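Hi,

Here is the structure I promised to pass on to you.

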Amino acid sequence: MLGYVLRRLAVTVLLLVVTSFIVFAMLHVAPGSPLEVLTGGRRLSDTTLRALSARYALDKPFLAQYWLWLTNVVQGDFGESIAARQSIGSLLASRAPVTLQLGVLASVIAIVFGVGAGTVAAMRRGRLPDTLISGGVIGLAAVPAYLSGLLMILVFSVLLGWFPVFGAGEGVADRLHHLVLPACALGFSLCALVARVTRATMVDVLGREYVEAARVRGMSERHVIGRHAIRNALGPIITVSGLAAAYLITGTVLVEVVFGINGLGALLIQGVLGKDFAVVQAVAIVFTSIFLLITLLVDVLYFAVDPRTAVGVRGEA
Amino acid sequence: MNINEARLSRRALLARGTAGVGILTAGGLLAACGNSDSGSTLTSATSAAGGGKPVPLVTWGLPAEPVSMDPAFAYDFETGAVLTNVLDSLMRFSPRGDLLPSLAERVEERGDRALVFTLHRGVRFHDGGELTSADVVASLQRHLDPALGSYFGGYFANVAEIRANGRYEVEIVFRQPDYALKYMMATMAGAVVSKRLIDRAGRKLGDPTVGVVGTGPYRFASWASGREVVIERFDHYWERSVPRAVRRGVFTILGDTQTLLAALRTGEIDGSFRVTGRDAGSVEQFGNVNVLTAPGLGYEGVAFNMRKQGGPFADVKARRALLHATDRRGVLRAAWGGHGEIVDALVPPAAWSYARPIYEAAYADLPAGTLDLDLARRLAEEAGLTGKSAQLIYSSGNPQDEPTALGVQAAAASIGVRLDVRALSQTQFFNQLNQGATGRKGGDWDLALALWAPDFADPLTTYAQFTSSSPANSTGFSNAVLDREVAKAIGEVTDDDARARDAVVAQRQVADELPTWPLFSPATILVLNDRLGGMAATPLYYWSAWLGELSGT
């Protein structure tokens with residue numbers, strides 16, 4: 001088990017390096033230079049341009065720039081944002097919490113509603129609730145989060161006045177109040193995935209002999225579902241929930257912009273628009289790390305829930 | 001060094017603030033629920049009456065984050081709109097754009113090569129220190145330092161020395177005469193920061209953790225990166241006549257246009273300078289928000305690539321044909337909600353802040369670009385334009401450019417010319433326009449939509465962009481008369497009328513040769529919650545300490 005985790009960690013680090021290189025290379029190939037964005041189309045004197053290039057190491061060849069960046073990051077220095085003129089470490093630190101909170105809240109919404117809806121649909125398979133739930137979640141999934149976000153602002157903030165239009169709020173209650181709408185916009189988009197997988201797994205499990213046996217022995221339906229069915233269906237549900245969470249935490253980009261939440265997603269957009277290499281790099285690394293970490297966590301959790309998978313793990317290790 | 005070397009303009013910056021906005025607008029979502037018939041309202045007031053009531057907090061919407069609290073980088077609308085409330089400059093502009101003294105109680109020209117500013121005494125910085133000539137010299141000299149890379153550096157190109165004559169006098173000595181610097185002393189180029197902070201903070205000056213220390217009516221309080229900048233009333237402000245009814249100003253960064261409009265509607269945002277002319281109509285329908293307008297100083301125009309030899313628009317008749325074929329009034333309605341003016345010169349009358357009679361007489365004499373399809377077709381035929389095709393580029397960062405481009409395309413079609421319209425990202429657009437400013441390839445365009453506003457109310461800066469040596473000359477226009485007159489005018493430091501007489505000759509060359517012609521001059525738009533008043537819409541808001549003018553109604 002430990003060997004497996006260590007090996008997974010090594011792969012994670014390798015993936016991070018590869019990702020960072022790809023991002024760096026793509027930004028380089030894209031038209032325009034950070035200096036052009038920095039100067040906003042104005043022409044600066046050659047002396048000034050040279051000074052700026054040297055300060056941000058833009059005068060060095062591509063690989064040298066990448067190497068410089070990599071060695072700095074290993075030492076914990078993400079560099080300086082060209083556009084914001086400040087250290088990226090502090091930019092990340094000030095923006096990461098709200099993105100994580102938003103992602104976690106959205107995941108909770110996706111998982112609670114998804115698993116709940118999927119379970120109910122499986123129990124009422126083929127009947128009206130099943131049809132309504134299955135159709136409903138697919139409808140929700142069909143609307144992109146930024147559009148449903150705008151619609152939610154329109155209905156719940158502008159017309160009804162229940163929620164604030166933008167921002168992240170201060171303090172626990174206020175923060176929650178601010179994050180409900182964006183988290184719903186985000187979470188509902190993945191509800192369908194979780195619900196579909198839950199429903200399929202539950203339908204499968206509910207048809208198994210041990211469930212029939214439990215029912216025959218006169219156990220209450222609550223007991224049957226809660227103790228026998230769900231536990232056995234948990235594997236696929238954990239997998240899909242983990243993937244959903246990983247996707248949601250790293251997928252806050254558009255929703256952050258719509259709801260005026262200045263987290264990592266908004267920072268990423270600014271970085272891309274400004275060709276702020278170092279910022280895009282840093283956010284990409286953070287998002288990739290989160291994604292890989294969650295998938296790792298899911299694998300470990302899967303093992304804890306279903307020790308049978310340990311055989312495979314041991315076999316691998 | 002030529003005066004135009006590296007002279008900056010706001011042209012690029014007009015586009016800049018919306019760069020982060022264009023990606024996510026779900027076209028007119030709010031307009032739909034407000035039942036607005038946008039594009040028909042031209043009746044807006046220019047100022048809302050203030051009731052003088054104290055206001056604890058004003059929340060202002062910014063579409064993008066300020067770049068820095070360092071005035072050397074305050075050359076975009078967002079940074080300027082915040083920082084001018086915190087920093088005083090040596091001079092200031094009246095709402096109409098007239099040049100007035102500010103931290104300098106008077107300014108004196110010694111010949112045409114020296115400017116002497118005499119400072120007010122007893123002016124306090126936010127940290128309690130007294131303003132002296134040492135602070136002014138330290139602040140201005142930063143623009144001369146190439147390692148710092150001040151965005152205003154180009155304006156100091158002709159400055160030989162900045163020195164203190166005693167405790168309250170500062171002298172700027174020029175290598176060669178240059179009229180513009182005096183005006184720029186009313187912008188953030190003339191802003192004064194405490195020398196103690198300059199020495200202590202070094203390159204960290206203006207970043208969110210350090211902020212800035214000036215003498216303005218408000219002091220920097222905090223800057224939560226990506227979220228908001230907060231400023232608070234400074235109780236020992238030297239200029240007693242500024243009302244300062246507002247205690248705190250919070251500048252909230254809202255990248256999405258629709259979100260900003262929704263926040264205006266719910267009252268979570270009190271106002272913004274950056275609502276477009278197209279959205280102004282829907283904002284008026286909100287009921288709780290006033291839309292104030294003022295004539296702008298710049299233009300939205302069609303620029304022609306004169307570098308491209310033998311192109312379809314190489315003949316001036318072709319350029320004029322397109323002008324007479326374009327329904328400019330219709331374009332103004334579609335692109336900027338009708339808020340603006342149809343003008344026959346690139347510089348609208350609102351920018352005549354001096355020598356008005358001279359500019360007025362010259363303007364009346366300019367050829368009118370009236371919509372006249374018969375004339376347009378005749379000219380197109382004579383220029384051999386009919387049946388040709390060309391490429392029009394614009395920046396997708398400017399929301400008004402898409403309808404504008406379609407309007408010009410329709411005009412071209414009516415005289416038998418096919419225009420391929422291409423929207424480019426802002427970076428790509430400027431790269432094309434500037435023919436590869438940083439060594440990249442560019443310049444494969446025939447027509448471009450150009451948005452331009454001068455840094456202060458003055459026609460000359462606009463025409464100076466057309467001199468053959470100007471780096472801002474994207475059209476590649478080259479005209480000996482214009483070059484000569486502009487160079488002469490720039491040296492006319494003390495005689496405004498003489499400068500104006502040179503400038504109108506340059507204006508005439510541009511109006512006759514049409515390297516660029518104006519579609520319209522967009523009005524400045526200010527939206528303000530009706531609980532606030534006392535402030536006028538002004539095109540130079542980004543150089544004026546406006547927050548202190550607001551009060552409760």
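B:Glu232 counts as partly exposed because its relative accessibility is 21%. (Buried means under 20% relative accessible area, exposed means over 50%, and partly exposed is in between, using a 1.4 Å probe and protein chains only.) B:Arg248 also counts as partly exposed, at 30% relative accessibility. The side chains of these two, B:Glu232 and B:Arg248, meet in a salt bridge, 3.0 Å from N to O. By salt bridge I mean a side-chain nitrogen of Lys or Arg within 4 Å of a carboxyl oxygen of Asp or Glu. This one links distant parts of the chain: B:Glu232 sits in strand E9 (residues 228-233) of chain B and B:Arg248 in strand E10 (residues 246-253) of chain B, 16 residues apart. Helices (H or I, at least four residues) and strands (E, at least two) are DSSP runs, numbered from the N terminus.

Before you go on, a word on the ground rules. This is a predicted model, where local features need pLDDT of at least 70 and side-chain atom pairs count only at pLDDT 80 or more, while totals for chains, interfaces and linings use all residues. Residues are numbered from 1 along each chain as its sequence is written, chains are lettered from A and ligands numbered from 1 in the order in which they are written, and side-chain values use heavy atoms, with hydrogens and water left out.

In one of them, A:Asp130 pairs with A:Arg199, with the closest N and O atoms 2.9 Å apart. A:Asp130 belongs to helix H6 (residues 128-142) of chain A and A:Arg199 to helix H8 (residues 172-206) of chain A, 69 residues apart. Are these two buried or exposed? Both A:Asp130 and A:Arg199 are buried.

Another salt bridge joins B:Glu382 and B:Lys317, whose closest N and O atoms are 3.2 Å apart. Here helix H12 (residues 373-382) of chain B provides B:Glu382, helix H9 (residues 316-325) of chain B provides B:Lys317, and the two residues are 65 apart. B:Glu382 is partly exposed, with a relative accessible area of 47%, and so is B:Lys317, with 36%. There is also a network: salt bridges that share partners join B:Arg484, B:Glu485, B:Lys488 and B:Asp502.

Now for chain B as a whole. Chain B has 17 helices and 21 strands, and buried residues make up 63% of its 553 residues.

Strands E15 (residues 389-395) and E16 (residues 418-424) of chain B pair in the parallel sense over seven bridges; to count as a pair, two strands need at least two bridges found by DSSP. B:Ala390 stands opposite B:Leu419 in E16(B).

Last, the inside. The largest nonpolar core has 120 residues, and B:Trp60, B:Leu90, B:Ile172, B:Val212 and B:Leu550 touch the most other members. (A nonpolar core is a set of buried Ala, Val, Leu, Ile, Met, Phe, Trp, Tyr and Cys residues joined through side-chain atoms within 4.5 Å.) Helix H17 (residues 496-513) of chain B supplies the largest share of this core, six residues. Apart from it lies another core, of 90 residues, among them A:Met202, B:Leu264, B:Leu514 and B:Val527.

Cheers
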